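Here is a report on one protein model. Take a look at the sequence and the structure, then read on.

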Amino acid sequence: DVGATKPDTFDWQYPDGNDWIATAVDAAVYYWPGGRGFPTVAVVHQQRLLLMANPGFKMGVFGSRINVYRDFTRGPQDDDPFFFAIDTSDAPVIRWAEAQQHLIIGTSGGDYSFGGEVTLTPSDVYAQKQNNARSNASKAVTINTDVFYIEQGKEKVRVSSFDDNLKARTSADISLIAENLLHVR
């Protein structure tokens with residue numbers, strides 16, 4: 001019996017029926033469960049499919065079961081799917097995600113390092129803000145360990161990289177190096 005292994009508060013935190021399905025209601029398509037909306041950012045990291053940036057949970061990250069990329073029915077076991085809400089104090093929105101040693105998530109409020117102490121599990125997930133560089137809703141590109149992306153105002157190209165001295169990711173404006181790439185001719 002699966003219910004016997006769940007903690008008492010599990011059903012309140014994680015309702016059953018967490019499959020991502022589309023349902024047509026009154027000529028509109030809703031993505032369920034809970035009408036959360038279709039995720040606009042997806043990445044595979046640590047053998048999980050991570051779906052994020054959907055209208056219902058703009059800073060929420062849904063992680064699939066390990067190696068079962070269509071199973072999002074959450075549970076308390078280490079290989080079970082999970083949900084994690086990144087800090088939403090200033091209402092940012094996830095814009096992109098790039099998988100490296102930790103998952104790097106670019107938002108309209110800054111870059112976050114997303115991971116676990118050992119590996120991503122329902123009980124071992126954290127997101128730590130790395131900087132305040134705001135991202136546009138465009139795809140980021142990884143070259144080696146650096147992540148290149150367009151800033152929120154679409155006027156600057158930024159690169160997010162790990163700074164050993166700070167022990168965090170920094171984001172530098174590199175558009176001054178090739179300013180001509182940002183102007184329409």
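## The open sheet

Four strands form an open sheet in the order 7-8-9-10, and their pairing is antiparallel. Strands here are DSSP runs (E, at least two residues), numbered from the N terminus. Two strands pair if DSSP finds at least two bridges between them. Strands of a sheet pair through backbone hydrogen bonds, either parallel or antiparallel.

Which strands lie at the edges? They are strand 7 and strand 10 (126-129), and each pairs on one side only. From one strand to the next, the twist averages 25°. Angles run from 0 to 180 degrees between N-to-C directions, with axes fitted as lines to C-alpha atoms. Strand 9 and strand 10 run antiparallel and are joined by 4 bridges. Ser113 stands opposite Gln128 in strand 10.

## How to read the model

This is a predicted model: local features need pLDDT of at least 70, side-chain atom pairs count only at pLDDT 80 or more, and totals for chains, interfaces and linings use all residues. Residues are numbered from 1 along each chain as its sequence is written, and side-chain values use heavy atoms, with hydrogens and water left out.

## The nonpolar cores

A nonpolar core is a set of buried Ala, Val, Leu, Ile, Met, Phe, Trp, Tyr and Cys residues joined through side-chain atoms within 4.5 Å. Buried means under 20% relative accessible area, exposed means over 50%, and partly exposed lies in between (1.4 Å probe, protein chains only). The largest core has 17 residues. Met52, Ile94, Ile105 and Phe114 have the most contacts inside it. Strand 3 (41-45), strand 4 (48-54), strand 5 (57-63), strand 7 (94-99), strand 8 (103-107) and strand 9 (110-115) each give two or more residues to this core. The largest share, 3 residues, comes from strand 4.

What does Phe114 touch, leaving aside its neighbours within four places in sequence? Its contacts (heavy atoms within 4.5 Å) include Val61, Phe82, Ile105, Leu120 and Tyr126. There is also a second, separate core of 6 residues. Among them are Ile104, Ala133, Ala140 and Tyr149.

## Aromatic pairs

A pair of aromatic rings is described by the distance of the centres and the angle of the planes. Rings of Phe, Tyr and Trp (its six-membered ring) pair if their centres lie within 6.5 Å; planes under 30 degrees apart count as stacked, over 60 as edge-to-face and the rest as tilted. The count comes to 3 aromatic pairs.

Why is the pair of Phe62 and Phe83 tilted? The ring centres are 4.7 Å apart and the planes are at 50°, so the pair is tilted. Phe62 lies in strand 5 and Phe83 in strand 6 (residues 82-85), so the pair ties together parts that are 21 residues apart in sequence. Phe62 is buried, at 0% relative accessible area.

Trp96 and Tyr149 form a tilted pair, 5.0 Å centre to centre, with 40° between the planes. This pair links distant parts of the chain: Trp96 is in strand 7 and Tyr149 in strand 12 (residues 146-150), 53 residues apart. Trp96 is buried, with a relative accessible area of 2%. Tyr149 also counts as buried, at 2%.

## Two loop residues

Asn67 has a positive phi, near 60°, in a residue other than glycine. Its place is the loop between strand 5 and strand 6. Asn67 is partly exposed, with a relative accessible area of 48%.

Now take Asn144. Its phi is near 55°, a positive value in a residue other than glycine. Asn144 sits in the loop between strand 11 (141-143) and strand 12. Is Asn144 buried or exposed? Asn144 is exposed, with a relative accessible area of 73%.
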